[in-house]
Amino acid sequence: MPQIFPRKSNTLPHLSLGGMLGSGVIMVFLVWYYFSPEYTDVGYAPEQPVPYSHRVHVDQLGLDCRYCHNFVEVADVSNVPATETCMNCHEIVLPQSTDLAPVRASWAENSSIPWVKVHQLPDYAKFSHAVHVNNGVGCETCHGRINQMEVVQLVEPLSMGWCLECHREPENYLRPNEEITTMGYIHSEGFLENNLNRIKQEGIRPPTNCSACHY
Amino acid sequence: MSASTDKTVTLPAEPPLVTGNLGFHDITQLVSYHTEKRPPSVWYMTMAVSSTLLCVLMLMIAYLVWNGVGVWGNNNPVGWGWPIVNFVFWVGIGHAGTLISAILFLFRQQWRTAINRSAEAMTLFAVICALLFPTIHVGRVWVIYWTLPLPNQMEMWPQFKSPLLWDVFAVSVYFMVSLIFWYVGLVPDLATLRDRARNAFRRRILGFFSLGWTGANRHWRNYEKTYLLLAALATPLVLSVHSVVSFDFAVSIIPGWHTTIFPPYFVAGAIFSGFAMVMTLLILARKIYGIQNIITMDHLEKMAIIILLTGTMVGFAYITEFFIAWYSQVEYEQYAFLNRATGPYAWAYWTMMSCNLLFPQFFWIKRLRRSIPFLFLTSIIVNIGMWFERFVITVTSLHRDFLPSSWDYFNPTIVDILTFAGSFGLFMTLFLIFLRYLPMVAMAEVKMVLPQSDPHYYDKHESEHEAN
């Protein structure tokens, strides 16, 4: 009987074996790299209804974060400021600006400005701002150099692995409570030792068990 | 030696495994023929029904993924509703194939050769249906890869302490080993089909899958060795898969689930339901395809005996559970079982009891074991009973949990019902495709058990040899 396949098809079993192993490795790499929040989420900078510039307000005018996000020290959620907070100044400052029209409309109609949320955590992960800012985690640590952003963007992956990096070794990240809102903070000499002392004294033990955040 | 001093007992001769005095070529012809011609009209009718059901299944899955698991009847105490019931049901059915092909092979039960190919195919298709249900039950189907230990930047890692994860590995390993085992067994038969193929395309496809098989002595030696090794590898899996499925329940602390009897009891139940499904399919297939000489009445009777044996084991486990509940003196355990038999799901409990324990007892009567209509009826009833067993275990244990204020009754929705019906569509469509394109009987193996395969056969049947 004549052969159906040419001689070179004998290499096919070896090729397919190698191909299977290779594609397994490639698959793992693809998931590891492309399915991660670091790839999918970082750099998210949606257009906001009002072209609010953190650079102008924080860097040039020197507002503290807590002037607008005023519940951050007492609440789980760091609030987006109410329209009234904006109007405290903008009744007098630039009252005719077209960029501010949605803010004045919101004030007049007693409705909310539809700000777009940038830092989103999944529903099944609980996070408290108050616990973090009262124990030496600076705004900048998670949100980056907000004071340099025209439009707020996500700079950290906010993934579980990223959270755990700090929860396992908080001494690398903590700063004195007076420096919480400082932007561009530079750790002082010997901060590791200071942090380790502080962690011991204040009993800062960031949990790494599942039910710390998933409950 | 006179008759009175002769102490040897002569056992009645085993009936021949293949009837009708078929020769080697008759077997090839009888089986291969069906893959080469247009299928019978019954095939088309069944295919129409099952592919319609398959479409229903896909619609239901799309609807579910779009809307979320709220479209099912699962409620607060009954978090595991029909999807888990269906999962265990299908995994159970998927046990007969590998039992027949691996365990019966190691025990040299030669009657397995007639039924192993289709039973293994059925196993694979049942396991596909089974894998579907937990996959859609997780809710967020698109992150199902979280069940696999893939390195990732989120530092998400499966919980190796959870039996649900063991399940992922147990069932998927079982599927892969069954698939390889089935395929290895297919190679000689695919080569037979290849050699019979008339057109070049068919020859190339079959040639590709028969891996250059020529029937050489070396090929057979390697094949037999591989098959034996795979049988040895698959044997522990037959027992382990359903044991691990039972751990999903037994490892938890819910009264009614938390019992050590679960692994053997689940395995017996799985073989019970698997054989029933093999019987349902083969009674129809042997009739429609005219292979009654290969899958004989004796084969069906042997399967009936296994159904009787495993059904009685399952029934024994049901009763043991009650005994242990009483003997343990644990109030909650006792309540769980009393509630099963007398509570709001008593109807399901007694359906299960009568279908699984009582009905197979008719197989003590030889006449019923050899009656095709009765075998067919029993095979259907057994599978109804086994579905209810999983329903009883899952739902009755959950519906009255530790907090009476959250007690509730479980009602399936139309989506539940159509998804389950649709899974039969998936199963039957795959099985019909198998019947159409692959040899439904392991031809090479059946030839080995023919009387003609005995090298001395023609010493006594010389005239026949000349006739051939």
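Helices are DSSP runs (H or I) of at least four residues, and they are numbered from the N terminus. The structure is a predicted model, in which local features need pLDDT of at least 70, side-chain atom pairs count only at pLDDT 80 or more, and totals for chains, interfaces and linings use all residues. Residues are numbered from 1 along each chain as its sequence is written, and chains are lettered from A in the order in which they are written.

**Exercise 1.** Locate B:Glu331 and decide whether this residue is buried or exposed.

*Solution.* Begin with the secondary structure: B:Glu331 lies in helix α11 (residues 331-342) of chain B. Next, apply the burial criterion: a residue is buried if 20 or more other C-beta atoms, placed from the backbone, lie within 10 Å of its own, exposed if 12 or fewer, and partly exposed in between. B:Glu331 counts as exposed because it has 10 C-beta neighbours inside 10 Å. Finally, B:Pro255 stands 76 residues from B:Glu331 in sequence, with 9.6 Å between their C-alpha atoms.

**Exercise 2.** Describe how α5 and α6 of chain A meet.

*Solution.* First, the geometry: the axes of α5 (residues 83-90) and α6 (residues 101-109) of chain A come within 10 Å and cross at roughly 115°. Such axes are lines fitted to C-alpha atoms over the stretch in contact, with angles from 0 to 180 degrees between N-to-C directions. Second, the residues: α5(A) contributes A:Thr83, A:Cys86, A:Met87 and A:His90, and α6(A) contributes A:Val103, A:Ser106 and A:Trp107. Here, contact requires C-beta atoms, placed from the backbone, within 7 Å. Third, the classes: four residues are nonpolar, three are polar and none is charged. Ala, Val, Leu, Ile, Met, Phe, Trp, Tyr, Cys and Pro count as nonpolar, Asp, Glu, Lys and Arg as charged, and the others, Gly among them, as polar.

Note on methods:
Helices (H or I, at least four residues) and strands (E, at least two) are DSSP runs, numbered from the N terminus. Two residues are in contact if their C-beta atoms, placed from the backbone, lie within 7 Å.
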